[in-house]
Amino acid sequence: MELPARHPDCGIYTVGTAPAWRRRGLVTALLRHVLAVAEQDGARTATLQSTPMARALYAALGFLPVGRYEAWVRTIRTATTAGTRRDR
């Protein structure tokens, strides 16, 4: 969580759960706590980016989708892959 002093938005980054610990309410409890602390510290919004796996969890906590983040990846050519289909 990132919450600069007196900032109106709480940024939540890199939430993840090991597969063996999923669906036990751990992230829900953690996020409820984080959101309560953020609100006490003056935040009025909280933002995050979600994977498809977590969308229902975030929706249940009151988050609404407002846009999509687009990621781009480029494979850097190396001596072993130059000229192969892998670098395209």
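Biologist: How many residues does helix α1 have, and what span does it reach from its first C-alpha to its last?

Modeller: In this predicted model, helix α1 runs over residues 26-40, which gives 15 residues, and it reaches 21 Å, close to the 21 Å expected at 1.5 Å a residue.

Biologist: What puts the buried residues of α1 on the same side of the helix?

Modeller: The buried residues are Val-27, Leu-31, Val-34 and Ala-38. They cover an arc of only 65° around the axis, and therefore they lie on the same side of α1. An α-helix has 3.6 residues a turn, so residues three or four places apart point the same way. The buried residues of α1 pack against β1 (9-11) and α2 (55-60), whereas Arg-32, His-33, Glu-39 and Gln-40 are exposed on the other side.

Biologist: Why is the pair of Tyr-58 and Phe-63 called edge-to-face?

Modeller: The ring centres are 5.8 Å apart, and a pair needs them within 6.5 Å; the planes stand at 70°, and because planes over 60 degrees apart count as edge-to-face, the name applies.

Biologist: How do you know whether Tyr-58 and Phe-63 are buried or exposed?

Modeller: Buried means under 20% relative accessible area. Tyr-58 has 7%, so Tyr-58 is buried, and Phe-63, at 15%, therefore counts as buried too.

Biologist: What makes you say that the charged end of Arg-24 sits over the ring of Trp-21?

Modeller: The charged end of Arg-24 is 4.5 Å from the centre of the Trp-21 ring, and the distance cut-off asks for CZ of Arg within 6 Å of the ring centre, along with a direction within 35 degrees of the ring normal.

Technical notes:
Residues numbered from 1 in each chain as written. Predicted model: local features only at pLDDT ≥ 70, side-chain atom pairs only at ≥ 80, totals over all residues. Heavy atoms only, no water. Helix = DSSP H or I, 4+ residues; strand = E, 2+ residues; numbered from the N terminus. Expected span 1.5 Å × (residues − 1). Buried < 20%, exposed > 50% of the residue type's maximum accessible area, 1.4 Å probe, protein only. Arc of directions from axis to C-beta. Contact = heavy atoms within 4.5 Å. Phe/Tyr/Trp six-rings, centres within 6.5 Å; stacked < 30°, edge-to-face > 60°.
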